[in-house]
Amino acid sequence: MFQALAIKYRPKTFSELIGQDSISQTLSLALDTGRLGHAYLFSGLRGSGKTSSARIFAKSLNCDKGPTSTPCGECENCRAAASGRHLDIIEMDAASSRKIDDIRDLIEQTRYAPAMGRYKIFIIDEVHMLTKESYNALLKTLEEPPQYVKFILATTDVFNIPPTILSRTQHFRFKKIPQKVVVAHLETILSKENIEGETQALEMIARSGNGSLRDALTLLDQAIIYSKGHLNATLVAQMLGILDPEILQRFFDAMLRGERGEVFAILEMLEGYECEMVLEEMGLYLKDVLKDPNAPLSLPLLDRFFRVLTDSTQLLFLNANNSFVLTLTALKMLEAFKIASLDEQIAKLENELFSGSVPVAPSVALPAPAAPLPPAVAESAASDSAGGTFARELFAELVQKIYARSFELGQCFETHITFVSFENNELCWRSSASGACKERLRLAYSFIRMCVEDVYGVGTKIVPQKVPAGAESAPKPADSMPAPTMSPAPDSAPTDSVAPLAPAPAKPEPALSAPAPAAPQPMPETAMPPVPADSAPLAQSADSAPESIAPTAPPAAAPTHDAQQSADSAPALDSAPAPKPSATPTFEELKEEFPLLGKVSELLGIKHIDVSDVKQ
Ligand SMILES: [Zn+2]
């Protein structure tokens, strides 16, 4: 007589129980040590071995040689239990007998001692189906049953069991049976049945069983009939309505060869299947590829494929059209091959960028220089060709940075340091600094280096280039300007420090703006036309500042000197390169910074001075 495999190979002892090692071990120990509870709850997936365990446990309790974890199978109790006709092992299906009357009957039965065995055992299956009243009726008996009564409750839905029941039972959670354990069990059964079967076919069956051994065995029964005793992957896939791995193999091969036509032909075939299952099978196929060390698909590519599959699965959840999702998946995967070459493109571009040979637009807008480049830089920009325009723009930014730290230092740097090139992380510049300026630059070298790294990137090397002997004597345009007339003796002021401030030659133009009302005042200090004598560091080099104050000591001399200075400064306004706006404070700011200036201007009744005039 034909018997379903699930019944024929139902485990009869704990050692035959598949995939629930910890549970069978605990129950065996309880039986062997005599530490038996009065109520057990077995929860877990259908077909994971709950009912089988309950029956084995019941048989073990009642075996003549027990309670033991290894029932003899010979005694009357064992034989009666195995054939399901033991008087003291009462199985009840709570799905069909869920009412309070059924439970009352059950409680009534607990009053009578066992007829043939040691214990009276009640196995209540699907216990979560009981009504609330039934649970309440059962509670008392479940908590304190007679000595000879044991309860074994089984459920697939433990979350629907009231806590009052849970707290009165020993709870065992049956887990999903791992796929490879199921496959191994199926192989054992096939060998016992003398049937051939491909491992791949058994894997498909196990996967479809979804962790349930009973489901897998039922499918195996079906597959044996369908394949007429020779289980292979294609037939099993056909029977299960799942994708033949062969098709997927062809699909990914075509993709690898870039044959779009073939890819879409297979895609049409795939549309005959359930889209979710196709995506799942693709994922499983790629997982196998992932483990294969000789796989033709690279890891980044596989990573992209998995992302594509994840996106597609999400699309499906949004009720997207199945065929559309599949087509999109295929197209995205085909595109993924192209993205691989894009990676190389990026690497190539990065190489070129770091070697400095490609001018690239800055990703962040650089602050544009507020004023036109001073002549020195403009000249060098015209004459130099190496290094690229972007690197040169960065140099202008560097100059701004140094100006921001100290105006004099910025001036020295801008005047004497000329950009030559920037290549291979090396900034090459030409220096023509000498005297005080050279010293100033030398002292601030670490700061300048910091600025260079800030602008050109960490690790940038500075390669100074000495100006050739001939070029050194030929002054730059800025240097060739006449020295400012702020000091009576032009020679005494270091030309390099003040040169750019007053590049235009003096014109005797008596344009007196701010200084005019100050002139007749008897107070020597206030008569100074460069009112910001205090603010000198902002406007001119420290070297020249004292000199500009010195000659004003005799009040008598002031007017002429003022006139002279104003005359010098007036034309400069028109012809000199505009001063850095950031370095020009307003009169109000100056007053704030130099309180004395505020007091004096108050005394003199000066409301406002055009500071830019004064500065010149
Ligand atoms: Zn026995």
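This is a predicted model: local features need pLDDT of at least 70, side-chain atom pairs count only at pLDDT 80 or more; totals for chains, interfaces and linings use all residues.
Trainee: How do β2 and β3 pair, and over how many bridges?

Mentor: They pair in the parallel sense, over 5 bridges. Two strands count as paired if DSSP finds at least two bridges between them. Residues are numbered from 1 along each chain as its sequence is written.

Trainee: What do you call a helix or a strand here?

Mentor: Both are DSSP runs, numbered from the N terminus: helices are H or I with at least four residues, strands are E with at least two.

Trainee: What unit do β2, helix α5 and β3 make?

Mentor: A right-handed β-α-β unit, with α5 covering residues 100-110. Right-handed means that, with the strands pointing away from the viewer, the path from the first strand over the helix to the second runs clockwise.

Trainee: And in what order do the strands of the open sheet come?

Mentor: The order is β2-β3-β4-β1-β5, 5 strands with parallel pairing. β2 (89-93) and β5 (170-174) stand at the edges, each with a single partner strand, so one side of each has no neighbour in the sheet. On average, neighbouring strands are turned by 15° against each other, direction ignored.

Trainee: Which strands does helix α3 lie across?

Mentor: β1, β2, β3 (120-125), β4 and β5. Helix α3 is residues 50-62 and runs at about 170° to β4. Axes are lines fitted to C-alpha atoms, for helices over the stretch in contact, and angles run from 0 to 180 degrees between N-to-C directions.

Trainee: Switching to α2. Which of its residues are buried?

Mentor: Ile-23, Ser-24, Leu-27, Ser-28 and Leu-31. They sit on the same side of α2, because they cover an arc of only 125° around the axis. That arc is taken from the directions from the helix axis to the C-beta atoms. Buried means 20 or more other C-beta atoms within 10 Å of the residue's own, exposed means 12 or fewer, and partly exposed is in between; C-beta atoms are placed from the backbone.

Trainee: What do those buried residues pack against?

Mentor: α3 and β5. On the other side of α2, Asp-21, Ser-22, Leu-29 and Thr-33 are exposed. Just after α2, Gly-34 takes a positive phi of about 75°.

Trainee: Now α12. Which residues are buried there?

Mentor: Leu-248, Phe-251, Phe-252, Ala-254 and Met-255. Their arc is only 155° around the axis, which puts them on the same side of α12. Glu-246, Gln-249, Leu-256 and Arg-257 are exposed on the other side. Gly-258 follows α12, with a positive phi near 75°.

Trainee: Last one. Is Ile-205 buried or exposed?

Mentor: Buried, because 25 other C-beta atoms lie within 10 Å. Ile-205 is in helix α9 (residues 199-209).

Trainee: What is Ile-205 in contact with, leaving aside neighbours within four places in sequence?

Mentor: Leu-186, Ala-216, Leu-219, Leu-220, Ala-223 and Val-236. Contact means C-beta atoms, placed from the backbone, within 7 Å.

Key:
Two residues are in contact if their C-beta atoms, placed from the backbone, lie within 7 Å.
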